[in-house]
Amino acid sequence: PPPPVTINYRHGLPVITLTLPTRSERCRFTVKPMVTTVGAFLQDVRREDKGIERAEVFATDGSKVSDTTLMEVLLMNDFKLVINNTAYSVSPPVKEKLSSEHATEMEDIKSLVHRLFVALHLEDHQIRKERELLQKLDHLKEELLPLEQMKARITANANAKTSRLLWVGLALMSTQGGALAWLTWWVYSWDIMEPVTYFITYGSAMAFYAYFVLTKQDYIYPDAKDRQFLHYFYRKSKTQHFNVERYNKLKEDLAEAEESLRRLRQPLHLRLPIQEISDKD
């Protein structure tokens, strides 16, 4: 009698012939090795014989072969086909090696099939991806809304304090100038006040140098203002329990999602990869 499971090649495609346990008859299954997976093959076997409760494939070392494995990979080595409680040892025939010209032709066919698959499913993939990005944008905006409101209040408070500090500095400088003028023309003479103004200038230079030593930055008024604003902002954020790191992360995720959606909607960029939030993490 023939072996329970045999494999032959017809017209370049493997034909697996096996005896169905319930019907006790031989049945042929022609598979496309580059497309059909092990799971799809086993599903066809169970569909053909409703009495099959268990159908699995194991390697010769006893490890189970995944259902996602292509039949082309499975047929490269011996394996065991388990149907219900019976295990069948299968030895695929050695396939004749393709000539280099034929192999190149097969690779071209594979590439063509892949391009056709992408072209046929690109629109569905684009619509599904766009829907996912829109849902992600709505979720991020919903999370950012209370944080944006809290940030606006903290920013307004920090700006007010920074502005008040600048006006206080101007008032102190005006007071100092008026005091020096009053001491020079009404109390003392310039001969007495000249050393005072010199040491005041020298003290100011020392203060600016100390600022550089502490901050490693030149004392430039816009930079100093921004630094003081950030100081007030982070101090207020701490008291208001505003998570700056989480806010920045959500803003970055929102910008990435908007960029991905923009690229997805541009016809010239449909062939370019869409980078997601977890790719830049």
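The buried residues of helix H1 pack against strand E2 (13-19), strand E3 (26-30), strand E4 (55-59), helix H2 (71-74) and strand E5 (79-83); contact here means heavy atoms within 4.5 Å. This is a predicted model, in which local features need pLDDT of at least 70, side-chain atom pairs count only at pLDDT 80 or more, and totals for chains, interfaces and linings use all residues. Residues are numbered from 1 along each chain as its sequence is written, and side-chain values use heavy atoms, leaving out hydrogens and water. Helices (H or I, at least four residues) and strands (E, at least two) are DSSP runs, numbered from the N terminus.

Let's look at H1 itself. Within H1 (residues 38-48), Val38, Gly39, Phe41, Leu42 and Val45 are buried, that is, under 20% relative accessible area with a 1.4 Å probe, protein chains only. They sit on the same side of H1, because they cover an arc of only 160° around the axis, taken from the directions from the helix axis to the C-beta atoms.

Now for the sheet. Three strands form an open sheet in the order E4-E5-E6, with antiparallel pairing; two strands pair if DSSP finds at least two bridges between them. E4 and E6 stand at the edges with a single partner strand each, so one side of each has no neighbour in the sheet.

| Strand | Residues |
|---|---|
| E4 | 55-59 |
| E5 | 79-83 |
| E6 | 86-90 |

E5 and E6 are joined over five bridges, and isoleucine 83 has threonine 86 in E6 as its bridge partner.

Note on methods: Buried < 20%, exposed > 50% of the residue type's maximum accessible area, 1.4 Å probe, protein only.
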